[in-house]
Amino acid sequence: MAGTDEDRDQRELRFHRLYQAYFRPVQAYAVNRLGPVDDVADIVAEVFMTAWRRLADIPPPPGDRFWLYGTARRVISRRYRSASRLRSLLGRLAAEQRPKEQLLAWAQDPAQERLLAAIGELRPADREALLLVHWEQLTYAEAAQTLGCSVNALGIRVHKAKARLRKVLGTETGGDRPCPAVIKPNGVTDGS
Amino acid sequence: MDLDTMLAGAAPARQVSLDGPDSPAAVSLYRRITAQPPAAAPARRRGRFAVPALTAAAVAGASATVALALIPGSPPRIPAPRRILTPPPPRSSARRR
């Protein structure tokens, strides 16, 4: 029966588990896309608000994590519809918006500055695939599930993104090294 | 340096300390969210799709009607007005003779 106290308790218990498990990953996702800006708290709030409203639509673990990432992606793109604005945000991230006490060593590394700038110049679909794999640490299969594409398509996007980064950043990143994107059936990747 | 190592090290979230779900801000957000009643989201979603679907169906129906009317040789949709038949004038008997 819908609407009983028992249902309400079940619902809240499920949401509590979700919140405890993924509050930090969703926050990390938002920081990874926007940098440590004030909007991160608003984005996390909107993602979990959506999760509370649509709890019945959220798949069981491990799919719930990908559902939350997908929701966070949509929330961010809705807020920053303009691609140029997103690029400028990433550029800002590469420049002066980081808390200095936390990021002092990182900010002094010009190679990472260039890497962030190069990531900001990637095609959005390639960049998202790359960041899900390398920053959110998803397997190719998990990232493909998050983006709603095939594992092969995901692998191609990551491969293209990395090839582009190697080209932009030059030889210190192993640009002459072959980069096979071998995808095992379980979605675990080798060699790229 | 290897690109994978560089990428891993460049993740902004690794450079900042993130709040946990038990931080005061997170607990406050949790209370705010769960204080809301479960929304009737499915009903709203049905309504959201029903209006465009009905509009599309109406437009498709009107287009089909116009297209059928424009096809050469298709039966006229408005019947022609019936001719009023008037009885022939009576023939004069003198002529017959």
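A salt bridge is taken here as a side-chain nitrogen of Lys or Arg within 4 Å of a carboxyl oxygen of Asp or Glu. By this rule, Lys162(A) forms a salt bridge with Asp4(B), with the closest N and O atoms 2.8 Å apart. The rule finds one salt bridge across the interface of chain B and chain A.

The model is predicted: local features need pLDDT of at least 70, and side-chain atom pairs count only at pLDDT 80 or more, whereas totals for chains, interfaces and linings use all residues. Residues are numbered from 1 along each chain as its sequence is written, chains are lettered from A in the order in which they are written, and side-chain values use heavy atoms, without hydrogens and water.

The extent of the interface is summarised below.

| Quantity | Value |
|---|---|
| Residues of chain B in contact (heavy atoms within 4.5 Å) | 30 residues |
| Residues of chain A in contact | 41 residues |
| Area buried between chain B and chain A (accessible area, 1.4 Å probe, lost on being put together, summed over both) | about 3,400 Å² |

Of this buried area, 63% lies on carbon and sulfur atoms. Leu3(B), Leu7(B) and Tyr30(B) supply 18% of the area that chain B buries against chain A, more than any other three residues.

On the side of chain B that touches chain A, α1 (3-10), α2 (24-34) and α3 (41-70) each supply at least two residues; helices are DSSP runs of H or I, at least four residues, numbered from the N terminus. The largest share of that side, six residues, comes from α1(B).

In chain A, α1(A) is followed by Gly35(A), whose phi is positive, near 85 degrees.

Technical notes. Buried area is the accessible area (1.4 Å probe) that two parts lose on being put together, summed over both.
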